Amino acid sequence: MIKNVVFDMDGTILNTIDDLYISVNYALSKCGHQTRSMSEVLSFVGNGVKVLIQKALPEGYCEQDFDKCFSVFMEHYNIHKNDNTAPYEGILDLMKVLKEKGVQMSVVSNKFDAGVKELANNLFEGYLPVAIGESEKVQPKPNPSGVWYALQLMGATKEESVYIGDSEVDFQTAQNSGLTFIAVSWGFRPKKLHQDLGVKYIADKPMDIVDILSQIE
């Protein structure tokens, strides 16, 4: 029986892409680089903001260029990360149902730790007491350290837990953590990606997760 759910954040419970896209292009423009399309930024996300900026910069960038662009991005994103970001439709209803069923919930993200905690507290108050992002103590996914830390804080076992995410990084994270994986098709990656990966459980809408959890022994 599944008693614990660990969510990814961006592309799974929160639609953050507009604010990320705006901040990335603000930083690129300020640093004298060509801006990126929405489809490009979508393909860059999933491995944390440092990798996002690395991929957004043109080939051949230097360390000084990265440092400047990353600093501008972080300053802008810290101010504007709540401008357009919101839970996906149906996510709060899902969390309400899971909480009523006694299922513990947490979030483990490749977003920087302070941002994860702030967004979890502001947008999911009462649902995500454990919120973990990338930090000096927690390596980025697909390293399993963040998921294992979340389980430790929840007093949970991997046998009674699932990891829910929208990307190939999340799929790898679940495998590395020893957790059953549930993919969502509304996020930053297409459903076909998960089908090609051979993912057994794919949710097309948030409430599908309740049915899927009942199927997992």
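Trainee: Where is Pro 142 found?

Mentor: Pro 142 sits in the loop between strand 5 (130-134) and helix 7. Helices (H or I, at least four residues) and strands (E, at least two) are DSSP runs, numbered from the N terminus. Before we go on: this is a predicted model, where local features need pLDDT of at least 70 and side-chain atom pairs count only at pLDDT 80 or more, while totals for chains, interfaces and linings use all residues. Residues are numbered from 1 along each chain as its sequence is written, and side-chain values use heavy atoms, with hydrogens and water left out.

Trainee: Okay. Is the peptide bond from Lys 141 to Pro 142 cis or trans?

Mentor: That bond is cis, with omega near 15 degrees. In general, most peptide bonds are trans.

Trainee: What about helix 7, is Gly 146 buried or exposed?

Mentor: Gly 146 is in helix 7 (residues 145-154). Its relative accessibility is 2%, so Gly 146 counts as buried. The cut-offs are under 20% relative accessible area for buried, over 50% for exposed and partly exposed in between, with a 1.4 Å probe and protein chains only.

Trainee: And what does Gly 146 touch?

Mentor: Leaving out residues up to four places away in sequence, Gly 146 touches Val 108, Ile 132 and Val 138. Contact here means heavy atoms within 4.5 Å.

Trainee: Switching topic: which residues touch the most other members in the largest nonpolar core?

Mentor: Phe 7, Phe 73, Leu 128 and Ile 182 do, in a core of 56 residues. Helix 4 (residues 63-80) gives the largest share of this core, with 7 residues. A nonpolar core is a set of buried Ala, Val, Leu, Ile, Met, Phe, Trp, Tyr and Cys residues joined through side-chain atoms within 4.5 Å. There is also a second, separate core of 18 residues, with Val 138, Phe 171, Ala 183 and Val 199 among them.

Trainee: What does Phe 73 touch, then?

Mentor: Not counting residues up to four places away in sequence, Phe 73 touches Leu 20, Ser 23, Val 24, Ala 27, Val 49, Leu 52 and Ile 53.

Trainee: There's a serine in there. Where is Ser 23, and what does Ser 23 touch?

Mentor: Ser 23 is in helix 1 (residues 17-30). With 0% relative accessibility, Ser 23 counts as buried. Again setting aside residues up to four places away in sequence, Ser 23 touches Phe 73, His 76 and Tyr 77.

Trainee: How many aromatic pairs does a search of the whole structure find?

Mentor: The search finds 5. Rings of Phe, Tyr and Trp (its six-membered ring) pair if their centres lie within 6.5 Å; planes under 30 degrees apart count as stacked, over 60 as edge-to-face and the rest as tilted. Take Phe 66 and Phe 70: the ring centres are 5.5 Å apart and the planes are at 15 degrees, so the pair is stacked.

Trainee: Why is the pair of Tyr 77 and Phe 112 edge-to-face?

Mentor: Because the planes of Tyr 77 and Phe 112 are at 80 degrees, with the ring centres 6.3 Å apart. Tyr 77 lies in helix 4 and Phe 112 in strand 4 (residues 104-112), so the pair ties together parts that are 35 residues apart in sequence. Tyr 77 is buried at 0% relative accessibility, and Phe 112 is buried too, with a relative accessible area of 14%.

Trainee: Last topic, cavities. How many of 30 Å³ or more?

Mentor: The count comes to 1, and the volume of the largest cavity is about 200 Å³. A cavity is a set of points, on a 1 Å grid over the protein atoms alone, where a 1.4 Å probe fits but cannot get out; lining residues have an atom within 4 Å of a point. Grid points are joined across faces, edges and corners, and a volume is the space filled by probe spheres set on the points.

Trainee: Which residues lie nearest its centre?

Mentor: Of the 18 residues lining the largest cavity, Asp 10, Val 45, Gly 46, Asn 47 and Gly 48 lie nearest its centre. Strand 4 gives the most to that lining, with 3 residues.

How values were computed:
On a 1 Å grid over the protein atoms alone, a cavity is a set of points where a 1.4 Å probe fits but cannot get out, and a pocket is an open set with protein on both sides within 12 Å along at least five of seven lines; lining residues have an atom within 4 Å of a point.
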